[in-house]
Amino acid sequence: MAETFLELKDIHKSFGGVQALKGVDLTIRCGEIHCLAGENGSGKSTLIKVISGAHEPTKGEIYIEGERILHLNPIIAIEHGIQVIYQDFAIFPNLTVAENIAMNRAVSTGAKLMNWKGARELALEAMEQIGAKMDPDVLVENLSVANRQMVAICRTIINDAKLLILDEPTAALTSKEVQKLYAILRRLRDKGIAVMIVNHKLDEVFEIAERLTILRNGEKISTGMIDEYDRNRFVKELTGRNISESFYEPKASEEEIFRAENIGRKGAFEEVSFSLKRGDVFGITGLLDSGRGQIGDALFGINPIQSGKIFLHGKQIEINSTEDAVRHKIAYVPEDRLTQGLFLDRSIQDNTIAASISKYFIRGKLDEQAMYQATVEWIKRIGCVAPSPEASVRTLSGGNAQKIVIAKWLNTDPALLILNGPTVGVDIGAKYDIHQILRRLAGEGIGVIVISDDLPELIQNCNHILVMKNGRVSEIVEPSEVNETELATMMSSQ
Amino acid sequence: MQKITNYFKKADRIALALLIGSVLIFVLMGVTHPKFFGKSNLQSMLIQCPEYGILAFGMMIAMIAGGIDLSLVGIANLSGIVAAVLMLRMGGTNLSIGIGIVAAVLVGSLCGLFNGFIIGFLDIPAMLVTLCGLQLYSGLALIITKGPAITGLPETFSNIANGKLLGVPIGAIVFVLIAILLCYLLYYTVFGKSLYLMGTNKIASRFSGINNLRITMLTYCLSGIFGSLAGILMASHYNSAKSDYGTSYTLLTLLIVVLGGVNPNGGRGKVMGVVMSIILLQLVSSAFNILRVNAFVKTFAWGLILILVTTATYLTAQKEARD
Amino acid sequence: MNQKIRNFLTSNEMIVVYIIAGLAILIGSVNHAFNSISTVVNLARTMLVTLIFAMCEMLVIVSGGIDVSFPAIASLAMIATGNIMLKNGLDNVPLAFLMGAIIGGVLGTLNAVLIAVVKMPPLIATLGVSSMTSGATLAIFGAKILTVLPAKLDELYKVSLFTYTNPEGITYSLTVLFLIPIGICLLMWFLLKYTMFGRGIYATGGDIRAARIAGFNVTAIQFFVYIMSGILSGIAGITYMILMRAADPSVLMGSEMMVIAAVVMGGTRITGGHGTVLGTILGVTLISLIKNNLIMLGVPTHFQTFVIGLIMIVGTSITSLKAKHIANSAKI
C-alpha cells in the first residue's frame, strides 16, 4: 500500500447555522488518482477549500504526510505541496506562457528581478515533464482552454506539487483534450504525485479514477477502489435514489411545431436537420466541441445560422438577432445562468418581465400592477421559493434562480423553448421540478428542446435524442432503445 | 395616507438626505444672510441651474446605461454655435431663431447617435469614445468659430434664458419639463425598463431579446439632445457662443449624478435623486457667491464634495455588508 | 520563425512606425522645410513634457486604472514651487525638482487611497482630485503667470545638449532637460520589463484576482502606480516651468486628452494589462508630429483639435477592434 499523503478526520464546517460538512473522513495516498464525486450542494467545494486552507474547519483533524496541522492556511497548504486548479485557472491572459508558469514561484521566493531566461527554461522543463508542447513566448490570451489548463498544471508542477486538486477539469474540454489531460495526470501519478479530481460524470470517473469518494449532503457516503463500484451503485450513492427506468412517452401527434432543414454555421455545425412534433421534449447532446450548444445559440439569434431553413408551425422564419427570436416566440434558457440568464442585482419582478416588457406598455405607460401580478403568479405556478417579487435574484439558490429564467420565457408565451444545460448547478429537488415543468409545457403544446450532456436527464425526459458529433448529426435515437453507456459511445466514437 | 408613507419608503434615502441638506443650507443662509432670500438671488439661481442641470440628466442616462458621457459640454458648445451661426446668417428673424434651435437639437442628436453607435456597435468603452467625442465636437466648434466667440445674437433669442414666464425664468421651466419627460421615459416606457436592465447586465439583456445597440444609440442620442438644449440655454444666457464655454461643467455634472445616487457601474439611478443633488449644489454655489468666496475655491469644493460623498457611500455600503 | 516576423511586422509598435513614416514622407514632400534638423529639435521640445505625462498614464492604464489628474498636479507643483522659491529667496535646481516631486507624491497618495482603499472608480477619483487641485492652485496662488524664475532654474534652460545652426543662420539647440524624459523612459522600461514588481503591475491589470492568488500585494501595487504617477507629474511640472521660462497655472489643463490619445495609439489597451514604453514613445511622437506640422500640410491651426480628435477615434477603434479580434480568433 502506498503511503498516505493527506488524511482528514471527522471534518465539520458550518456557515452561520448551515452545516456544509458533517463529519467527513478522507484519505489521499501518494501516486493515486482519486475522484471526489458529489452533486451540487454536496459540500465538495467546501471540502476543497478546507484542504487548500481557504476555510478552517469548525471541527476535525487534518494530517499531511502524517503530521497534524492545526491551523491550515493557504500559505501552509502550498508549502506542503497542495495545489488547487480552479475552473478559471487564475492565470494572466496578457502575459506569456513562460511568465505565467514561472510567476508564482518567483513571487513566493521573493525575487526582485524578473529572470526571463530562467522563466523560459523553467517553463520548458515543466512542459517537458508533462509532455506538453507550447511556445513559451506566446501570450496566454491566444491559447485554447485546454492549453490554458496545461499552463496552470505546469505552474503547479514547478511549485513542487505533491497533491494536485482539479475542480471539474473536463467541463470545458473537447474529447481529445480530455484524453490528453488524462495522459498527463497519469504521468504525474507515476511520478508519485497525488491527484484529486472533482467530477460527477459517470464515464469520466470510471475512466480515470483509481479510488473514489462520494459525498452527499455534506456527508461521506463511501470510499473505495473504483472496481468496487458499478454504474448503479455510483448513481444511487451520488443521488440517493435508484435509477428510475421511467421514460417520457407523450401521446403521438402529427402536428409539427418546429423543423430545421440543413441548418449550418461555419465553424460550429453543418447540415443539421430535425423536426419536433406536438408533445415532444427533444434532446440534443454531444461532446463540448460537437456543436450542441452552438445550435441553441444559433436558433436564438446570438450567432445566427448561415445556411438552411427553419420552420415554426409550418411557416419559414428568419432569425438574425435575439430580437427576431423573441418576436417569433422562440425562448432560450442559456448555458451560463449567472451572466447570460439573469440580472443578478435586479428584482425577481424585473427578471421575470425582462423579455416581455412591451406587453405591459398599455395606454402610454408601463402597467406596474400587471407586472407585479404576473410575477406573483409565476412564482406560485413554477414553485419558486422566493421572499417577494421585489427581492434581488442574487438572494436565490441556483434552482430557484433557474426557475426565474424559465418563468421569464414562459411569460412571453413562447412557441418554442430551448434550454441549454437546464439543470447545471441545480439541486436535486429543483432539478426534478424543472423536469416536471418541461413535460407539462410539452403537453400544453410548446415545443421543448433540451440541450445537455447530462445523459440520465435526457434519457428520462426526452422522447427523441439527437446526438451531435464533430458538428454533424450522428444519430437521432429514442431513449427507450439506448442506455447511457451506448449513448456515450455514440458521442465519442471516432 | 398609506400611499404617502409608501411613497416615502420607496423614495430612496439618498434623495431624502439631499433634501435635508438643502433645507439646512437654505435656513442657515437665510438667517445669516437675508440677501439669500432676495428676489435677485433666487432668480439667478433659477437661471444658472438649468444649464448644467440638463447636462447632468444626459450624464445620468449614460451612466445608467453602464457608460459615461464626457462629450456633453462639447455637444452643447457645438450646438450653440450652429444655432448662433444660422440665426446670424438668416438675419435674426424669429423664424431663423426657430430654425437655429431645431438645427442645434439635430446636431446634438447626431453627435449622440455617433457616440452611441461607436459604443454599441464597436464595443469600445464609453469613457474613451466620449473623450474622443469631446475632442471631435469641440474641434468642429473651433473650426466654425475659428476661435473667438460669436456675438450679437438676436435679442429675442437671448430672452429665452433671461426671460420669464409668470415670473419664472424660462430655462427653469424647460428644466422641469425635461425632468418630467425623463421620469416618464425612465419609469413608464419599454425603453426605460430596457435601459436599466441593459445597464445592469449587457449580456443578459441581449439574451432576453433586448436590442442593446438600439438602446445604447437611443440613450446617447437623448443625452446629445440634452446637451444641445443646455447649449441653447448657454448661448442665450451669455448672448454669445464659443467653443470653450462651460468646461467646468463636465466635472460638475459627474459630481451631481454621483451625489444623486447614480451608480457609476450602471443600472441604478433616479431622477429625484439627481434633481435633489442639482438643487443642493446650486444652493451651495449661491451661498459661496453671497459669502464672496473665490470662484476657485468652488472648484476645490466640488472635487472635495465628490470625494467625500463617494467615500461616505462606500463606508455605509461596507457597514451594511457587515451587518 | 516566419510567424514571428509576421507578428513583429503587424505589432502595434510597427503600425505606429508605418503611420509616422507615411506622415513624415507626406509632410516632407508637400513642404520641403520639413526635411531639416530643426524639425527634429522642435519635435523633441514638444515631446519633452508630454512624454513624461504619457509614461505616468501608461503605467496607470497598464495597472487597470486611469489618471486624469496629472495636468492639475503638474500645474500645482509648478506654481507652488515657483512661488515658494521666489518668496523665500531659494534658488536651487535639485530643490525645485524635489519640491515638485513631493507635491506630486502627496496628491498621488490621495488618488491611491481613493482608488485602492475606498475603491472609487479611477476616473471619478482622479477627476475629483484634479478639481480640488486646480481649484486650490488658483485659490492660493491666483491666476497670475510667473514670468521671472529663480536664476539657477533659468540658467538650466540655457544649457544645451547640442546646437545646430542652419544655413540661414538660425540656431536650434536641444535643451539638457531632454535627459529627464529619457531617464524616466529608461527607468520605466527597466521597471516594467525586468522587475517582479513591474510584472506585478501587468498581472494586476490583466486579472486582479489572479494577481492576488499569485501572491502579489495588489494594494501596494496600486499605491505605487498612483504615487509614481503623481511624483512624475510633479517633476513634469517643474520641467515645463523651466522649459517655458514661466509658470502658467492653466496652460497644462486639458492636455490629458492628448496624452491619453498618445498612450492608446501606442498600443496600450484601455482595459489594462497591455502597454510598452516603446509603443508609448512612438504614440507621443506621432501625436507631436501631427500637432507640430499640421500647419505645414496647409491645415489651419483651428482644425487641429478636430484632426487630433479624428486620429484619436480612429486609433482607439483600431486598437479596440484588434483586441476584440484576438479575443474571437481561433486559439492555439
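Modeller: A residue is called buried if 20 or more other C-beta atoms lie within 10 Å of its own, and exposed if 12 or fewer do. Please note that this is a predicted model.

Biologist: Is B:Ala104 buried or exposed?

Modeller: B:Ala104 lies in helix H5 of chain B, which covers residues 94-122. The cut-off for a buried residue is 20 or more other C-beta atoms within 10 Å. Because B:Ala104 has 29 such atoms within 10 Å, the residue is buried.

Biologist: Which residues does B:Ala104 touch, leaving aside those up to four places away in sequence?

Modeller: Contact here requires C-beta atoms within 7 Å. By that criterion, the residues touched by B:Ala104 are B:Ser79, B:Gly80, B:Val82, B:Ala83, B:Ser228, B:Gly231 and B:Ile232.

Biologist: What percentage of the contacts in chain B with a separation of 6 or more joins residues 24 or more positions apart?

Modeller: Buried residues make up 54% of the 323 residues in chain B. Among contacts with a separation of 6 or more, the share from residues 24 or more positions apart is 79%.

Biologist: What is the radius of gyration of chain A?

Modeller: Chain A has 17 helices and 22 strands, and its C-alpha atoms fill a box of roughly 70 × 50 × 50 Å along the principal axes. Of its 494 residues, 46% count as buried. A compact globule with 494 residues would have a radius of gyration near 23 Å, and chain A agrees with this, having 24 Å.

Biologist: How far apart are the C-alpha centres of the two domains of chain A?

Modeller: Chain A is divided into domain 1 (4-239) and domain 2 (256-492). Nine residues of domain 1 are in contact with 10 residues of domain 2. On the domain 1 side, these comprise two nonpolar, five polar and two charged residues. The C-alpha centres of the two domains lie apart by 33 Å.

Biologist: Which element supplies the largest share of the side of chain A that touches chain B?

Modeller: In this interface, 23 residues of chain A are in contact with 16 residues of chain B. By class, the chain A side has 11 nonpolar, six polar and six charged residues. At least two residues each come from helix H10 (322-327), helix H11 (337-341) and strand E18 (365-366) of chain A. The largest share, four residues, comes from H10(A).

Biologist: Which element gives the most to the side of chain C that touches chain B?

Modeller: Here 35 residues of chain C are in contact with 35 residues of chain B. The chain C side divides into 22 nonpolar, 11 polar and two charged residues. Helix H6 (122-141), helix H12 (256-265) and helix H14 (304-328) of chain C each supply at least two residues. The most, 13 residues, is given by H6(C).

Note on methods
Residues numbered from 1 in each chain as written. Chains lettered and ligands numbered in written order. Predicted model: local features only at pLDDT ≥ 70, side-chain atom pairs only at ≥ 80, totals over all residues. Domains from an automatic or database assignment. Contact = placed C-beta atoms within 7 Å. Nonpolar A, V, L, I, M, F, W, Y, C, P; charged D, E, K, R; others polar. Rg over C-alpha atoms; globule rule 2.2 N^0.38 Å.
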